[in-house]
Amino acid sequence: MPDSLLRIREVARKEIRQLFRDPRTRVFIFVSPILQLVLFGYAVTTDVRRLPTYIVDHDNTAESRLLIDAFGAGSYFRVIGRSDRPADAAAALDAGRAEIALQVPVGFARDVRAGRGATVQILLDGSNSNTATIAQGYATRIVQRVAADFARDRTGRDAAPPLVLSARAWYNPALTSRLYNVPAVIGALLMLMCLLLTAMAIVREREVGTLEQLVVSPIRAHELILGKTLPVLAIALVDLLLISTVAILWFEVPFRGSALALLLGAFIFILTGLATGLLLSGISKTQQEAFMGMFLIFLPVLILSGLLLPVENMPRSFQLLTEFNPLRHFLEIVRAVFLKGEGIRTLWRPYLMLVLLTAGIGGFAIRRMGTVLR
């Protein structure tokens, strides 16, 4: 074996011993990503289910009760109280006990039987605009369905609407947000792991006083860098396998694409994370400084990745900024591979952007590490 490979192997062996010396580090490396995936998978969701709903029925007729029963029959709304006073609904909304209130006016049944335009009022808690918008859509569909039932009962035949919308969601038929969010969490966890483990690599040697010994040893700069990063690369790939398995088996996220496409994208993305961590390690003088710098980078990367908010909804200037975010491009790959079954050929653009970002960040990191180890 060439001397260079021997030196890289010994540095890597030393790094592995350093990483796994503390049992808590082993838990952090292999158990923590799974726990975080489970936490994100259940907590980060935009699905609206069983919204607390308050009912105010001024009409108190068979027709009004049919409408109210339609709201309580599905999984979207949960009736928590009934009254004939509007003030009670307002109090429930103000106190946060209800997020939606349905008011049926006097004469509702009379207007329905006469074929006139009967009206009902929906009051929404707009402090959470996302939930209110989704709830408004659910309520509108329920009212439209009940109105069609009333029209059929009154005329004895199905009313023929002038326009019929037939909607079908591809790749995620039930529009479950978990299937969209869980694959993206895989990318966030890989980025966090690479940044945290690599950012501490060189600065730890500096703090304990062994960096000077490495500098005067026969080890060259690129050998030290490879020896420090290869163990983290292997750990990240193992974590990718673990959390992808949990996503598929536990959360039942469909995997429709090629494992090779996912592995290639993850490999390039991990290299980008390693380069960023090395750059942080090279410019930091203490582990605390490296840790704080990691979060200074990780939070903007997370926000501008499309994990929490769609990139298309951001201002144009921020959309351009996300082009320099490796996590944004990896999320495009992982979501397309998991949900759409796309391959390398159709995803050439995010792959190319990851390669360019890896080359750019890696070049800065190697130049900085060369200065540190000189």
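T322 lies in the loop between α13 (316–321) and α14 (326–340), where helices (H or I, at least four residues) and strands (E, at least two) are DSSP runs numbered from the N terminus. The structure is a predicted model, in which local features need pLDDT of at least 70 and side-chain atom pairs count only at pLDDT 80 or more, while totals for chains, interfaces and linings use all residues. Residues are numbered from 1 along each chain as its sequence is written, and side-chain values use heavy atoms, with hydrogens and water left out.

With a relative accessibility of 0%, T322 counts as buried; buried denotes under 20% relative accessible area, exposed over 50%, and partly exposed the range in between, for a 1.4 Å probe and protein chains only. The side chain of T322 makes a polar contact of 2.8 Å with the side chain of R328. A polar contact is a pair of N or O atoms within 3.5 Å; within protein, one atom must be able to donate a hydrogen and the other to accept it, and residues adjacent in sequence count only if both atoms are side-chain atoms. When residues up to four places away in sequence are not counted, T322 touches L304, V311, M314, R328 and H329, contact being defined as heavy atoms within 4.5 Å. R328 also belongs to a network of salt bridges that links E323, R328, E332 and R349.

A salt bridge is assigned when a side-chain nitrogen of Lys or Arg lies within 4 Å of a carboxyl oxygen of Asp or Glu. Side chains of opposite charge can pair when their charged atoms come close. By the stated rule, the count comes to 10 salt bridges. In one of these, E223 is joined to R7, with the closest N and O atoms 2.8 Å apart. This pair links distant parts of the chain, since E223 is in helix α10 (residues 221–249) and R7 in helix α1 (residues 3–20), 216 residues apart. E223 is buried at 0% relative accessibility, whereas R7 is partly exposed, with a relative accessible area of 22%.

Helix α1 also contributes E15, whose side chain meets that of R204 in a salt bridge (2.8 Å, N to O). Here too distant parts of the chain are linked, R204 being in helix α8 (residues 201–208), 189 residues from E15. E15 counts as buried at 1% relative accessibility, and R204 counts as buried at 13%. A201 is likewise found in helix α8 and is buried, with a relative accessible area of 1%. Leaving aside neighbours within four places in sequence, A201 is in contact with E15, K228 and S281. A201 and L93 are 108 residues apart in sequence and 53 Å apart in space, C-alpha to C-alpha. A further salt bridge joins the side chains of D88 and R85 (2.7 Å, N to O); D88 counts as buried at 18% relative accessibility.

Four strands form an open sheet of mixed pairing in the order β2-β1-β3-β4, two strands being paired if DSSP finds at least two bridges between them. β2 and β4 (121–124) stand at the edges, each with a single partner strand, so one side of each is left without a neighbour in the sheet. Neighbouring strands are turned by 25° against each other on average, direction ignored; axes are lines fitted to C-alpha atoms, for helices over the stretch in contact, and angles run from 0 to 180 degrees between N-to-C directions.

Strands β1 (residues 51–57) and β2 (residues 77–83) run parallel and are joined by 6 bridges, with Y54 opposite G81 in β2. Together with helix α3 (residues 62–73), β1 and β2 make a right-handed β-α-β unit; a crossover is right-handed if, with the strands pointing away from the viewer, the path from the first strand over the helix to the second runs clockwise. Strand β3 (residues 100–104) pairs with β4 in the antiparallel sense over 4 bridges, and L102 stands opposite I122 in β4. Helix α4 (residues 86–95) packs on the sheet, touching β1, β2, β3 and β4, and its direction makes about 165° with that of β1.

Positive phi values occur in residues other than glycine, including N60, near 55°, and Y171, near 70°. N60 is found in the loop between β1 and α3 and is exposed, with a relative accessible area of 55%. Y171 is placed in the loop between α6 (129–155) and α7 (177–199) and is partly exposed, with a relative accessible area of 37%.
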